[in-house]
Amino acid sequence: METRLHRKLTTAVKEGNEEKNRILGVIDTLFASIKLRDAVTAEHSLIMARISFRLALIHDRTNAGMYYVGSLTHDIGKLAMPDTILKGNQLLNYGEREILRQHVTDGVDMLTQLRMPKLVIDIARYHHERFDGSGYLEGLKGKDIPLAGRIAAVSDTYATLVTGRPYQSKKEHKEAINIMENERELFDPDIFESFLQIATGIEKGLIE
Ligand SMILES: [Fe+2]
């Protein structure tokens with residue numbers, strides 16, 4: 001379900017900007033690898049990218065396109081995870097959760113080696129940080145979490161809920177919103193407010 005927006009934001013520009021074309025080429029290849037390895041993570045990343053893009057249009061407009069492509073690779077570190085954890089349908093035990101967390105570090109390492117822009121790396125690095133300090137890897141709190149992470153926390157959580165996980169059924173749009181409203185302390189209040197504003201558009205499929 002790659003949309004016109006996807007094609008527009010991931011297609012190389014015709015001439016001039018070689019570095020941008022290199023970045024888009026790398027992202028395209030990485031996303032193709034995710035699709036081959038795990039269709040669920042690919043689908044999840046596409047949904048997240050659309051929400052990140054819309055939130056960035058409100059909070060970091062000039063970088064909105066980079067939020068889109070950065071969301072496509074936010075979970076790239078999952079390529080290194082064993083199938084038993086990536087696709088297993090059991091709740092994870094402590095050791096397995098540690099391996100799951102490792103996808104953040106692995107993703108940051110991969111994206112850094114590939115000389116991706118800081119924003120793309122930051123989306124991978126901070127997408128599991130939570131506004132109340134309960135997230136990982138660094139357990140940052142409030143505005144200590146870079147904007148990329150605060151936007152990604154909202155878009156990633158919604159995308160996770162509506163895509164489902166191997167051990168958790170996927171939620172309908174309204175249920176996902178309810179769950180997020182009940183744990184809104186996890187999110188930057190301004191960004192969460194924007195999310196609620198665009199949520200109607202998401203439900204009606206207006207956000208492609
Ligand atoms: Fe993740």
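Two bits of housekeeping. Residues are numbered from 1 along each chain as its sequence is written. And this is a predicted model, so local features need pLDDT of at least 70, side-chain atom pairs count only at pLDDT 80 or more, and totals for chains, interfaces and linings use all residues.

So, what is the secondary structure here? The chain comes to ten helices and zero strands. Helices and strands are DSSP runs (H or I, at least four residues, for a helix; E, at least two, for a strand), numbered from the N terminus. Read from that end, the elements go α-α-α-α-α-α-α-α-α-α.

Next, the overall dimensions. The C-alpha trace spans about 45 × 40 × 35 Å along its principal axes. The radius of gyration is 16 Å, which agrees with the value near 17 Å that a compact globule of 208 residues would have. That radius is taken over C-alpha atoms, and the globule rule is 2.2 Å times the number of residues to the power 0.38.

How much of the chain is buried? Of its 208 residues, 37% count as such. Here, buried means 20 or more other C-beta atoms within 10 Å of a residue's own, exposed means 12 or fewer, and partly exposed is in between, with C-beta atoms placed from the backbone.

Contacts, next. Two residues are in contact if their C-beta atoms, placed from the backbone, lie within 7 Å. Among contacts between residues at least 6 apart in sequence, 63% join residues at least 24 apart.

Now look at helix H4, residues 64-72. Seven of its nine residues are buried, so H4 is largely enclosed by the rest of the structure. Those seven are Met 66, Tyr 67, Tyr 68, Val 69, Gly 70, Ser 71 and Leu 72. And what covers them? The cover includes helix H1 (4-10), helix H2 (18-37), helix H3 (39-59), helix H7 (118-126) and H8.

Stay with H3 for a moment, and find Ser 52, which lies in that helix. With 30 other C-beta atoms within 10 Å, Ser 52 is buried. Leaving out residues up to four places away in sequence, Ser 52 touches Tyr 67, Tyr 68, Ser 71, Ile 151, Ala 152 and Ser 155.

His 44 is also in H3. His 44 counts as buried too, with 24 C-beta neighbours inside 10 Å. Not counting residues up to four places away, its contacts are Ala 159, Thr 160 and Thr 163. From His 44 to Ser 71 is 27 residues in sequence and 9.6 Å in space, C-alpha to C-alpha.

On to helix pairs. Two packed helices are described by the angle between their axes and the distance between the axes. The axes are lines fitted to C-alpha atoms, for helices over the stretch in contact, and angles run from 0 to 180 degrees between N-to-C directions.

How do H6 and H7 sit? Their axes come within 8 Å and cross at roughly 170 degrees. They are therefore roughly antiparallel to each other. The cut-offs: under 35 degrees is roughly parallel, over 145 roughly antiparallel, 65 to 115 roughly perpendicular, and the rest oblique. On the H6 side, the contact is made by Val 104, Gly 107, Val 108, Leu 111 and Thr 112, and on the H7 side by Val 120, Ile 121, Ala 124 and Arg 125.

The other pair is H8 (residues 147-163) and H10 (residues 189-203), packed at about 40 degrees with axes 10 Å apart. That makes H8 oblique to H10. Arg 150, Ile 151 and Val 154 of H8 meet Ile 191, Phe 192 and Phe 195 of H10.

Last, two spots in the loops. Arg 115 is in the loop between H6 and H7. Its phi is near 55 degrees, a positive value in a residue other than glycine. Arg 115 is exposed, with 11 other C-beta atoms within 10 Å. Then there's Leu 137, in the loop between H7 and H8.
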